[in-house]
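Here are my notes on the model you sent.

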Amino acid sequence: MSALLEIDGLGIAFGGIKAVDDVSFAVREGEIVSVIGPNGAGKTTLFNMISGLYRPSQGKVRLKGSDITALEPHLLARRGLSRTFQNLQVFGEMTLLENVMVGHHLREKGGVLSDLLGLPASRRKTRASADSALALLARVGLEKAAYRAARTMSYGALKRLEIARALALDPKILLLDEPAAGCNAVETEEIDRLIAEIARAGVAILLVEHDMKLVMKISAHLVVLDHGRKIAEGAPTQVARDPQVIAAYLGQHGQEQVLHAEG
Amino acid sequence: MKPKHLSLLILTLLVVAAPFFFPSGFYYRIGALIFINAIAVTGLVILIGYAGQISLGHAGFAGIGAYACALAPEHLGLPPVAAILLGAALSAALAWLVGRPILRLHGYYLGVATLGLGILISMVLSNEAQWTGGPDGIAVPDLGLRGLLRDLGWRVGAGELWYGLAGLVMILGAWLALNLFDSPTGRALRALHGSEVAARTMGIDVARHKLHAFVVSAVYASVSGSLLALMNRLITPDVAGFMHSVQMVTMAVLGGVGSVLGAIFGATILTALPQLLTVFHQYEHMVLGLVMILVMIFLPDGLLPSLMKRLRGRDGE
Amino acid sequence: MADLLQFLMSGLTVGAVYALLALGFTIIFNASGVVNFAQGEFVMLGGMGTAFAIAAGLPVPLAALLAILGTAAVGVALNRLAIAPARGAPVVSLIIITIGAAIFLQGAAGLIFDKQIHRYPGFSGEAPLRLAGATLLPQSLWVMAGAALTFAALWLFFTRTLTGKAVLATANNPLAASLVGINTKAIMALSFGLSAAIGAVAGVLVTPITMTAYNTGVALALSGFAAAMLGGLGNPLGALAGGLLLGVLEAMTAGYVSSEYKDAVSFILIILVLALMPQGLLGRKSTDRV
């Protein structure tokens, strides 16, 4: 099977410091690939380049074979690339339902004039968006809170809201940036189940996650970053045995988990 | 009943009922002035409240609308109604041209760029005296509506006529803005207000939507300026000045820039108070300044939304 | 050639005032992240205060000192009463607050002083100096020298004194600064006081040339802001460069194009600079974190 998303020699430098350097890997359809690495390894920066927020200084990103490097995020969304954020980026003043409805933007686009006049076409689109947004909220278990403002919700709920919103785009590939960060064990379990379910439905997933248990369990393929460079990749069991990975990442991560448990 | 319909109903009832409490005919004029300001402020609700983009120069568009009504009938032979449309078209065109580069800016930078735009417009209106009459202003032709009604056998005073006309346009403007709120475009605007980054990744062309909000709000300001000119039959460059821009924004944030009804409430207070309390005149700037500071510190959502929250108790939603 | 020199001289005089205004913006912006639209009112207060103190019979140096100290107190009060309580508010709110403060101060000045135009004689007389065919008011030299002195004094303050370094540290990272024991609240008050005093100095120096009235502040603030942005907001050297450049450009426009549209220069410049290079001439590039 050919690759859906290809990352080819991607790199970026901030003020002369290479935050990500010459990273390559691929994600196939319906596959879960996880990017792991210690804090500051460049994972989020990598995501920001793939999703068009940062302009890479070297390398290419290809989606279904066509070059999408540094394309505007809204154009990437049209091609079926969607993402969530490590630091929540929800629309706080809007209801949960409206948040997810925004994810339907590309399907409900009309003219500003027809929206001002409240023409039937415009209202029909709003109703259609609301229906499918409600279904998505139900899928992440938030349908009961559909009409509450997002800013009143808990962190864990908003993490799921972001996933529902990203799914509303009907993406071919979904980038999840630490979807379980800050969530308790129950919430993590739910997100775990949700991610597996999304992948089963045929959506490719690129995941950044600190919860190693989660990553090892659901990923088909791991990419390990350290200091902006790829130091290993492969199946989870194989990567876990890689001495370089253990030295650079797992050792430090073990310490982190101890700190985490204490805190 | 949907909130949209409730808002429109309240607004219509207030416009219709208020004259029964007027002690004198003078109050029709104040009412008309309130509605005319409210039109511009409704436009700012779309720009500031929905889309989260500040403008400190919208009086410039009011100036374009006003001077279109003064100049187009004389120089182009257009009837005043067509002049309103011409002014709106010019404002929209200018907003579209200038909006493209400056709406990429954020926060302070956008504030200053729009402020500069407004001041440039008022500067042109002051300086090109051979066209605009300069700082002393220029006479504006009659709309002709009163004469038309008289010919149809309906005698109506100027105050009453402008009260009705401006009230009608205001309600129309509110209806459009309320439609927008709950539409795909409205959600896109509110989304980019909440998080521009997330809005972009949701497929929203942020630049295009900001531009739409800017152009639409410029048209509101332009129509407001046109009506002001036609009602007063005289217009000066002050209509486009910095103070007028600031007044518009203050009205919007005082009432609550997130809601159409709130903003109209703000326009009502800030228009009516100086008219009714003439002693107030000497302190007008100080009071305006104080209101701006105090509201922002203590009622950042504006008077009406804060009041509603109080009434509904702490649960908020 | 004499024309050019003439325009250059008057441009540098006005530019020195813009530079001081831009410096005031910069200090407050660095300390608090707020762009203070009331900055022009400080210049007005400095000029009006001095004019009234002189009219009341005080000697010029004392009148100037009083005006500067009084304005500094207004700056501190502005921070205490309007800016500090709104900490963390969105930018739109802060814009409205400082514009509200500007309008309030303008109204207050109109009431406390009056609504007339004021000036007082230049410090070294009014006889113009001749210089290669151009004339120069002695007061222009006062303005330029005063601005140069102010910049030099501030440079010494920020680089040589502990307090000055504390201000810079706070600007850089307020949290870290408070962790190492810097009283960031006091620093904020100091920044506003200092910035207001600098504005007042500009007002004291330039009033004999430009005259002043209660409602001159807003236009000054805009020019000062244009200068600050031209140089790159937050950069003191940029403030100096931006101020002088803007002053000269305005004078050249007035001389060679149209005196009516000389004020337009700053606004066209603002829009152009912002549209083409949002970081200003000397500013740094920044990247959002998501």
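1. A salt bridge here is a side-chain nitrogen of Lys or Arg within 4 Å of a carboxyl oxygen of Asp or Glu. The model is a predicted one, and over all chains it holds 19 such salt bridges.

2. One of these joins the side chains of Arg151(A) and Glu93(A), at 3.1 Å from N to O. The pair links distant parts of the chain, 58 residues apart: Arg151(A) sits in the loop between α6 and α7 of chain A, and Glu93(A) in the loop between β6 (81-83) and α3 (96-102). Arg151(A) counts as partly exposed at 44% relative accessibility, whereas Glu93(A) counts as exposed at 62%.

3. In chain B, the side chains of Arg233(B) and Asp142(B) form a salt bridge at 4.0 Å, N to O.

4. Glu233(A) is partly exposed at 29% relative accessibility, and Lys230(A) is partly exposed at 30%.

5. Glu6(A), Asp8(A) and Arg62(A) are linked in a network of salt bridges. Glu6(A) also has a place in the strand pairing, where Ala26(A) in β2(A) stands opposite.

6. Chain A has an open sheet of four strands in the order β2-β1-β4-β5, with antiparallel pairing.

7. Strand β1 (residues 3-14) of chain A runs antiparallel to β2(A), and eight bridges join the two. Phe14(A) has Ile17(A) in β2(A) as its bridge partner. The hairpin of β1(A) and β2(A) has two residues between the strands, and Gly15(A) takes a positive phi near 50° there.

8. Two non-glycine residues with positive phi may be worth a look. Asp22(A) has a phi of about 50° and is placed in strand β2 of chain A; with a relative accessible area of 42%, Asp22(A) is partly exposed. Asp170(A) has a phi of about 60° and lies in the loop between α7 (155-168) and β7 (173-177) of chain A. Asp170(A) is exposed, because a relative accessible area of 58% is over the 50% cut-off.

9. A positive surface patch is made up of Arg123(A), Arg124(A), Arg127(A) and Lys2(B). Of these residues, Arg124(A) belongs to helix α6 (residues 120-139) of chain A and counts as exposed at 52% relative accessibility.

10. On chain B, Met1(B), Leu6(B), Leu9(B), Ile10(B), Leu13(B) and Leu14(B) make a nonpolar surface patch of about 610 Å². Ile10(B) is in helix α1 (residues 3-17) of chain B and, at 34% relative accessibility, counts as partly exposed.

Methods
Residues are numbered from 1 along each chain as its sequence is written. Chains are lettered from A and ligands numbered from 1 in the order in which they are written. This is a predicted model: local features need pLDDT of at least 70, side-chain atom pairs count only at pLDDT 80 or more; totals for chains, interfaces and linings use all residues. Side-chain values use heavy atoms; hydrogens and water are left out. Patches are made of residues with over 30% relative accessible area and no salt bridge: like charges are joined within 9 Å, nonpolar side chains (Val, Leu, Ile, Met, Phe, Trp, Tyr) within 5 Å. Accessible areas come from the Shrake-Rupley method with a 1.4 Å probe; for residues, only the protein chains shown count as cover. Lys and Arg count as positive and Asp and Glu as negative; His and the chain ends are not counted. The place of a charge is taken as NZ of Lys, CZ of Arg, CG of Asp or CD of Glu. Buried means under 20% relative accessible area, exposed over 50%, partly exposed in between (1.4 Å probe, protein chains only). Two strands pair if DSSP finds at least two bridges between them.
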